[in-house]
Amino acid sequence: MSPVGGEQQSKSQDLASKNYLRRMKDDVKSILDNFTSILSASKVKEESQLNGSAQSVMDRYEMHVRSSNITRAAESLVQLIDELKESLILDDFSSLNEANDARRKQFEQYIQDSNSQLQKIKWGIGQDLELFETEYYNSSYK
């Protein structure tokens with residue numbers, strides 16, 4: 001891959017990371033703001049211009065809207081987490097390459113160890129064969 005392509009990929013990853021971070025901050029802020037509004041609406045208020053039942057209906061409606069906003073923001077956070085997991089699984093080639101390289105080095109070491117053991121066995125068999133040939137040709141059984 002060309003260096004320019006690597007820079008573009010890095011920039012796009014940085015942009016995606018900033019976008020994820022902004023979305024997360026916005027959703028958490030929305031949850032916090034709406035929760036604070038629900039708490040302030042649930043406080044007992046002094047006299048108001050509206051009668052008690054009308055104020056109660058307005059407060060209940062406001063709490064319903066705020067709780068819906070909290071639910072929407074929480075669902076957005078869950079979706080964001082799913083997107084992060086998906087991008088980590090699909091786009092994390094560097095860790096996959098590192099794991100493959102480590103496994104390849106492990107197998108190369110295993111091959112080297114096996115080859116050296118086979119060389120030792122070959123040398124030992126060669127020595128034994130020479131000894132047996134010498135013994136055979138010097139014996140009276142030929």
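At 43% relative accessibility, Y136 falls in the partly exposed class, whereas Y137, at 52%, counts as exposed. Since the boundary of the exposed class lies at over 50%, the two tyrosines are assigned to their classes by values on either side of that cut-off, namely 43% for Y136 and 52% for Y137. A search of the whole structure, which is a predicted model, returns one aromatic pair. This pair is formed by Y136 and Y137 in an edge-to-face arrangement, with 5.3 Å from centre to centre and an angle of 70° between the planes.

The confidence of the prediction was considered next. The mean pLDDT of the protein is 85, and 90% of its residues reach a value of 70 or more. Confidence is lowest in helix α1, which covers residues 3-42 and has a mean of 83, and it is highest in helix α3, covering residues 93-137, where the mean is 91.

Within helix α1, two serines were examined. S30 is found in this helix and is buried, because its relative accessible area of 15% is under the 20% cut-off. When residues up to four places away in sequence are not counted, S30 touches N69, R72 and A73. S37, likewise placed in helix α1, has a relative accessible area of 16% and is therefore also classed as buried. With the same exclusion of residues up to four places away in sequence, the contacts of S37 are E62 and R66.

Helix α2 spans residues 52-91 and comprises 40 residues; the distance from its first C-alpha to its last is 57 Å, which is close to the 58 Å expected at 1.5 Å a residue. The buried residues of this helix are Q55, D59, A73, S76, L77 and L80. One of them, A73, is also among the residues touched by S30, so that a buried residue of helix α2 is in contact with a serine that is itself buried, at 15% relative accessible area.

The C-alpha atom of Q119 is separated by 50 Å from that of Q8, a residue 111 places away along the chain.

Technical notes:
Residues numbered from 1 in each chain as written. Predicted model: local features only at pLDDT ≥ 70, side-chain atom pairs only at ≥ 80, totals over all residues. Heavy atoms only, no water. Helix = DSSP H or I, 4+ residues; strand = E, 2+ residues; numbered from the N terminus. Expected span 1.5 Å × (residues − 1). Buried < 20%, exposed > 50% of the residue type's maximum accessible area, 1.4 Å probe, protein only. pLDDT = per-residue confidence, 0-100. Contact = heavy atoms within 4.5 Å. Phe/Tyr/Trp six-rings, centres within 6.5 Å; stacked < 30°, edge-to-face > 60°.
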